[in-house]
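Please look at the sequence and the structure shown here before reading on. The paragraphs after it go through the parts in order.

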Number of protein chains: 2
Amino acid sequence: MRRKTFARMNCSIARALELVGEWWTMLIMREAFLGTRRFRDFQCNLGIARNILSARLKKLVARGVLTREAAPGGGRRLEYRLTEKGRAFFPVLMALMQWGDQWVAGPDRAPVKVVERASGREIAQVAVRGADGRVLQPAEVAMVAGPGAGPAMRARLASRAARPVAVRSRERDAARAGG
Amino acid sequence: MRRKTFARMNCSIARALELVGEWWTMLIMREAFLGTRRFRDFQCNLGIARNILSARLKKLVARGVLTREAAPGGGRRLEYRLTEKGRAFFPVLMALMQWGDQWVAGPDRAPVKVVERASGREIAQVAVRGADGRVLQPAEVAMVAGPGAGPAMRARLASRAARPVAVRSRERDAARAGG
DNA sequence: AACAATGGTTTCATCATGAAACTAATTTCC
DNA sequence: GGAAATTAGTTTCATGATGAAACCATTGTT
């Protein structure tokens, strides 16, 4: 059967994943943030098949995440560059990288360190913050219906509004389970 | 050919995606943060095929993102719950949701609003911040080799250390391109 | 004109996905 | 105690996505 689309779901995460959630796409975004612009370089740096890279780039351009422009220089050179929409994706990638650093690679084994260009100091952990800037844990927030919520989502959110993601202590050992 | 694995890549984003980057997995995480714990509820809320859900949950448990425990109640009830590692994924999902709200759903069409439980005020934008708490744009940071960088990554980062993600003005129209 | 570099598209074998059918463990109803 | 129901899967099978290699097209160089 055909792979299901997330586009119809009344959920911004699903709709975002429809654009960037396919296999390879987030790594293409990573490359773009690392400064890669040319088809050849994406292909070599990632080791992705060319037909797949072509399809992914095409979709990202069509969705306004990248632009495709002729580049100066010999041959048939093109450049793929991040748009404003693409650059706005930065926090997602940084959050994902930090999670990988801390929970997959292991502490102090990060392959890449992100530093503030001006000062050379490492950036802070990407975190969810309240209006006052305080860092919030999952249990400290609630999901409520937004202006774009359909009837189904509205019903779901109403029925569980009082049920945060509870934190239990007995799982600490299990959280270290194998890789 | 078999789908390539990202696990060997010297990149925390790739390694994170190896765990949560498969089709459906991030939406399963979203459901978990919304409070869903039972197989049946994941299946109904997402509309995912049961064999795929089974495979994804199994992998998330094996990787320490979820726990699987018997739950009180009739039948053969099980509960899947987020571990500390799973809860640490919160900023990634919130960043993704906000990006979807702003750039895919369109402004003021967000299906879900996330508010601080204590005050009821909406949370802030998830952003990359420096050590001093100031919000940083992609062009304001540099990627440098971390303790876990291999020779190849080290060489790449050294050669492009001086090349930030440049911001050009002429793309503003293109960024609005079709959906 | 021939050749090389870049950026693809096409073809084909293999793997992943989705739907439905089937299995298994536990509890409730009669 | 046995039948049915609930939950949580696994198996089977048709179809779609992926990866590798081959092929094509445009532009610039010799």
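This is a predicted model: local features need pLDDT of at least 70, side-chain atom pairs count only at pLDDT 80 or more; totals for chains, interfaces and linings use all residues.

Begin with the two protein chains. Chain B can be superposed on chain A by a rotation of 180° with 0.0 Å of shift along the axis, and the RMSD is then 0.0 Å. The two copies are therefore related as by a two-fold rotation axis. Where does chain B come nearest to this axis, judged by its C-alpha atoms? The answer is Val92(B), whose C-alpha lies 2.8 Å from the axis. Both copies use the same surface, since 99% of the contact residues of chain B recur in chain A.

Now turn to the DNA, starting with strand D. DNA strand D is surrounded by 25 residues, and the closest are Asn51(A), Arg56(A), Ser54(B), Arg68(B) and Tyr80(B).

For Tyr80(B), an N or O atom of the side chain is 2.3 Å from a phosphate oxygen of DNA strand D. For Arg56(A), a polar side-chain atom lies 2.6 Å from a phosphate oxygen of DNA strand D. For Arg38(B), the distance from a polar side-chain atom to a phosphate oxygen of DNA strand D is 3.3 Å. The elements that give two or more residues to the surface near DNA strand D are helix H4 (50-62) of chain A, along with helix H3 (39-46), helix H4 (50-62) and strand S2 (78-82) of chain B. Among the elements, H4(B) gives the most, with 4 residues. Sorted by class, the surface near DNA strand D has 12 charged, 8 nonpolar and 5 polar residues.

DNA strand C comes next. There are 25 residues around DNA strand C, and those that come nearest are Ser54(A), Lys58(A), Arg68(A), Tyr80(A) and Asn51(B). Sugar and phosphate make up 65% of the atoms of DNA strand C that come within 4 Å of the protein.

What does the side chain of Asn51(B) approach on DNA strand C? An N or O atom of the Asn51(B) side chain is 2.6 Å from a base nitrogen of DNA strand C. Phosphate oxygens are approached as well: a polar side-chain atom of Lys58(A) lies 2.6 Å from a phosphate oxygen of DNA strand C, and an N or O atom in the side chain of Arg56(B) is 2.6 Å from a phosphate oxygen of DNA strand C. Two or more residues of the surface near DNA strand C come from each of these elements: helix H3 (39-46), H4 and S2 of chain A, and H4 of chain B. The largest share is from H4(A), with 4 residues. By class, the surface near DNA strand C has 12 charged, 8 nonpolar and 5 polar residues.

The last topic is the side chains within the protein, with the aromatic rings taken first. A pair of aromatic rings is described by the distance of the centres and the angle of the planes. Over all chains, the count comes to 8 aromatic pairs. One of them is formed by Phe89(A) and Trp99(B): the centres are 4.9 Å apart, the planes are at 75°, and the pair is edge-to-face. This pair crosses between chains, from Phe89(A) in the loop between helix H5 (84-87) and helix H6 (90-105) of chain A to Trp99(B) in helix H6 of chain B.

Trp99(A) and Phe89(B) are both buried. Elsewhere, Phe6(A), Trp23(B) and Trp24(B) form one aromatic cluster.

Finally, consider Thr83(A), which sits in the loop between strand S2 (78-82) and H5 of chain A. Is Thr83(A) buried or exposed? Its relative accessible area is 0%, so Thr83(A) is buried. A polar atom of the Thr83(A) side chain lies 3.3 Å from the backbone nitrogen of Lys85(A).

Methods: Residues are numbered from 1 along each chain as its sequence is written. Chains are lettered from A and ligands numbered from 1 in the order in which they are written. Side-chain values use heavy atoms; hydrogens and water are left out. A residue is near a molecule or strand if one of its heavy atoms lies within 4 Å of it. A polar contact is a pair of N or O atoms within 3.5 Å; within protein, one must be able to donate a hydrogen and the other to accept it, and residues adjacent in sequence count only if both atoms are side-chain atoms. Ala, Val, Leu, Ile, Met, Phe, Trp, Tyr, Cys and Pro count as nonpolar, Asp, Glu, Lys and Arg as charged, and the others, Gly among them, as polar. Copies are superposed by least squares on the C-alpha atoms of residues with pLDDT of at least 70 in both. Contact means heavy atoms within 4.5 Å. Rings of Phe, Tyr and Trp (its six-membered ring) pair if their centres lie within 6.5 Å; planes under 30 degrees apart count as stacked, over 60 as edge-to-face and the rest as tilted. Buried means under 20% relative accessible area, exposed over 50%, partly exposed in between (1.4 Å probe, protein chains only).
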